[in-house]
Structures are given as structure tokens and as C-alpha cells.
Amino acid sequence: MKGRALTFTCAIAAGLATTMQFAAAQPPAAPEAITFLGEPVSADRIAQGQEIYANTCASCHGANLEGQPNWKRRLPDGRMPAPPHDQTGHSWQHPDRQLFDFTKLGIGGVVAGYESDMPAFGDVLTDAEITAVLAYIKSTWPDLQRDMQAKLTAKDEEGS
Ligand code: HEC
């Protein structure tokens, strides 16, 4: 009993330390659980992805992956704000291939004629960097969302 209470306290302390260090919504999951297009992504690459996220994505998608305020409401110009990348958004409802294409080509580069404020990062980030940042985003999702997204990815890869 005493042991269990101590473990609990340590878990809270570790959680607080993580929050203060990275200001992330969730501490990254066990790295061995993270794959991208079926390939395992190492802890180092996820850490690299976290850095890329902070420098390249956080300005719109939020430092804590929380998205822009009122992200479900269209802006006056008719475009959509940046959605969260944590489990409260819908990134986890897209298979890996689609997340990759959206990031590399922009939404307008995937859906012809669609006007969007999401930039194309193909000239800014390498394919490996795009994979790293998306793997970082995946590492913040709870198991439920990660499992569901893994199923979507598997189904999508079967069909392609
Ligand atoms: C200039 C602002 C801006 C930056 C910077 C930005 N995004 Fe976006 N992003 C958006 C907007 C706005 C949308 C919503 C697009 C729409 O629906 O029209 C979006 C949508 C997305 C989507 C589709 C998400 C979904 O759930 O449907 C992905 C994936 C994405 N962004 C990834 C990234 C990544 C990764 C980065 C950093 C490398 C990044 N974005 C940087 C504005 C931005």
C-alpha cells in the first residue's frame, strides 16, 4: 500500500516535470509504440519532430497542439482556422498517407480548388522531417485515438 502511494506521487511529479519542460498536452508515449506508414519511429526522431513542431507548426496549431481559438468556426474570409493536433481535433481520423500529403502539399495540393491557410511544407521540410513531426504528433495521442488511427492507416495502405 505504502509502495503504491509512493508510485502514484512519483507519477504526478513526473507528469508535472514533463508539463513544465515541454508544455506539451501529453507526455510522449512509449517510443516503440509509434510507427509511421508501418515503420517504427525512434525516440530520437520523435524528439526531433517535437522541435520541428515547435518551430514550424505551433504558431498556427498551438504550442500545446490545441489549435486556433474557435477552430470549428469559419474565418470571415471563408477559410477554416488551424485545428488541434491533439485528440480533441481530427488529425487522428486521417491515415498516415493523408497526414503526410496534407503537410507536404498543403490541403489545396490534395483537394483541388480547396482554399486553405495550411501551407505546403514540401520546400521547407524533407520527407524524413515531415515523418518525424507527424510521429511526434501521434506520440501525444492517447492509446484509443492511436489505435483507431492505426486501423485507418492499415486499411488505407491495403487499398492503395
Ligand atoms: C500558417 C498557419 C499554419 C501552419 C504554420 C501550419 N498549419 Fe497545418 N493547418 C492550418 C490550417 C488553417 C489548417 C486547416 C485547413 C483547412 O481545413 O482549410 C491546417 C490543417 C492541417 C492538417 C490537416 C489536419 C486535419 O486534422 O484535417 C495537417 C495534417 C496539418 N495542418 C499539419 C501541419 C504540420 C505538420 C505543420 C507544421 C509542419 C503545420 N500544419 C503548420 C494552418 C497551418
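The following legends describe close-up views of a predicted protein model. Residue numbers start from 1 along each chain as its sequence is written.

**View 1. Overall arrangement of the protein.** The protein contains 6 helices and 2 strands, in the sequence order α-β-β-α-α-α-α-α. Helices (H or I, at least four residues) and strands (E, at least two) are DSSP runs numbered from the N terminus. Of the 160 residues, 24% are buried; a residue is buried if 20 or more other C-beta atoms lie within 10 Å of its own, exposed if 12 or fewer, and partly exposed in between, with C-beta atoms placed from the backbone. Among contacts with a separation of 6 or more, 55% join residues 24 or more positions apart, a contact being a pair of residues whose C-beta atoms, placed from the backbone, lie within 7 Å.

**View 2. Shell around the ligand.** The ligand is surrounded by 24 residues, and the closest are Cys57, Cys60, Ala82, Ser116 and Met118. A residue belongs to these surroundings if its C-beta atom, placed from the backbone, lies within 6 Å of the molecule. Helices H2 (43-61) and H3 (96-105) each supply at least two residues of the shell, and H2 gives the largest share, 5 residues. By type, the shell holds 13 nonpolar, 9 polar and 2 charged residues; Ala, Val, Leu, Ile, Met, Phe, Trp, Tyr, Cys and Pro count as nonpolar, Asp, Glu, Lys and Arg as charged, and the others, Gly among them, as polar.

**View 3. Helix H5 and its cover.** Helix H5 (residues 127-139) has 13 residues and reaches 18 Å from its first C-alpha to its last, close to the expected 18 Å, which is 1.5 Å times one less than the number of residues. Because 10 of its 13 residues are buried, H5 is largely enclosed by the rest of the structure. The buried residues include Ile130, Leu134, Tyr136 and Lys138. Their cover includes strand S1 (35-36), H2, H3 and helix H6 (143-159).

**View 4. Two leucines with positive phi.** Most residues other than glycine have a negative phi. Leucine 37, in the loop between S1 and strand S2 (39-40), has a positive phi of about 50°. Leucine 37 counts as partly exposed, with 15 C-beta neighbours inside 10 Å. Leucine 65, in the loop between H2 and H3, has a phi near 65° and counts as buried, with 24 such neighbours.

Methods
Predicted model: local features only at pLDDT ≥ 70, side-chain atom pairs only at ≥ 80, totals over all residues. Contact = placed C-beta atoms within 7 Å.
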